[in-house]
Amino acid sequence: MTATTAVAVMAAPAAATAAPQDADRAGLQSGLDEVVAAGAIGALAQVRNEHGVWRGTSGVAEDGRTRAVPVNGRFRVGSITKTFLATVVLQLVDEGELRLEDTVESWLPGVVPNGHHITVRQLLNHTSGLYDVIPTLPLPPDPAFLDNRWRTWTADELVARALANPPVFEEPGSAFSYSNTGYTLLGQIVEKATGTSYAKQIEHRVIRPLRLDDTWLPGTSTRIRGPHPHGYVPIRQQNGGWQLIDYTQMNPSVFGAAGEMISTTKDLNRFFAVLLSGRLLPGHLLDEMRTPGVESRRYGLGLAWRDTPCGVRVYGNDGDALAYQAYSFSTQDGHRQVTVAVTPNFDGDIDDAAEAFVDKAICG
């Protein structure tokens, strides 16, 4: 255990006093209902502030059934995984095991064309220019998407698919282009630097020290263990319409280091509170995490931020795991936090409603 994670265990914030679960504090329940009305089967959230902890759900756990969404439900967090991986990378920087200005070529020789001009920093802040692997795969509503449901993907396979395409811009560091490929490569770099997988490093450095008991990286395991809402994807039918297919169980190796994690609203709020407190990283590296790679973007080293209508900036990330969408944000001091997870029904765009819920939770 590193010194930083050991301190995190001893100094992690105590949970706020729980508020009554049926209390509609500051309209939070109605706000969560609006998220579901915008295009979801179900949603669950945890809000922490000076009034205590509010946990709520809306909608149902399974399409066409009446069972409520479990308030402590597990869900696939998608790209929120990137913040965990970035934290591990920056801890390795702090320990002198690697540097932000190290090139990809120095760690993964011959893997990436132009890898001698692309740095670890640029992989973290999405300014590498590397083509994103996701558009190279069949995606919903294409029926071919289901052909890969149980397939195990290796990092090498995913990287090769992406690098078969030219970079989206020529000069690394000159622009922002979101790339899951970059985080797949970071997972490989962590393995080279430590001799163990990125999943083991995240578990050792973050999950266990913070006692995130309901958070794990499933690898190729297809199930979500414990209580959870079901997630769905739309698939085109022969008649030209589309049907929701239960996609709760699937092989998450396709997300890999860029998005395979499963967690809960409680665990994500705890993680971001400890991270932003400076108890996982020294101040200068936390500052690096909050520094945009490109001035026009609100994304640093695996960490995003947004300014709420009440003028309060919140830090965190959001994630799209196809059948699940999650949003987790915290004020810098950790006094106000919100995590919301949604199982979309694809009848509408839930982003605006989810962001409005985040604003309501932070601003009151």
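C363 comes out at 28% relative accessibility, so it counts as partly exposed. Keep in mind that this is a predicted model. Its partner is C310: the two form a disulfide, with their sulfur atoms 2.1 Å apart. C310 is also in the partly exposed class, because its relative accessibility is 39%. For both residues, the class covers values between 20% and 50%.

How many disulfides does the structure hold? One. As a reminder, a disulfide is a covalent bond between the sulfur atoms of two cysteines.

Now the geometry and the placement. The torsion about the S-S bond of C310 and C363 is about -75°, so this disulfide is left-handed. C310 sits in the loop between strand 7 (304–307) and strand 8 (313–320), while C363 belongs to helix 11, residues 351–363, so the bond ties together parts that are 53 residues apart in sequence.

Next, a helix pair. Helix 3, residues 81–94, packs with helix 7, residues 180–194; the angle is about 40° and the axes are 11 Å apart. That angle makes helix 3 oblique to helix 7. The crossing of these two helices is left-handed.

Which residues make the contact? On helix 3 they are K82, L85, A86, V88, V89 and L92. On helix 7 they are N180, Y183, L186, G187, V190, A193 and T194. By type, the contact of helix 3 with helix 7 has nine nonpolar residues, three polar and one charged.

To recap: a left-handed disulfide between C310 and C363, and a left-handed crossing of helix 3 and helix 7.

Technical notes: Residues numbered from 1 in each chain as written. Predicted model: local features only at pLDDT ≥ 70, side-chain atom pairs only at ≥ 80, totals over all residues. Heavy atoms only, no water. Axes fitted to C-alpha atoms, helices over the stretch in contact; angles between N-to-C directions. Helix = DSSP H or I, 4+ residues; strand = E, 2+ residues; numbered from the N terminus. Parallel < 35°, antiparallel > 145°, perpendicular 65-115°, else oblique. Left-handed = near helix turned anticlockwise from the far one by under 90°. Contact = heavy atoms within 4.5 Å. Nonpolar A, V, L, I, M, F, W, Y, C, P; charged D, E, K, R; others polar. Disulfide = S-S within 2.5 Å. Buried < 20%, exposed > 50% of the residue type's maximum accessible area, 1.4 Å probe, protein only.
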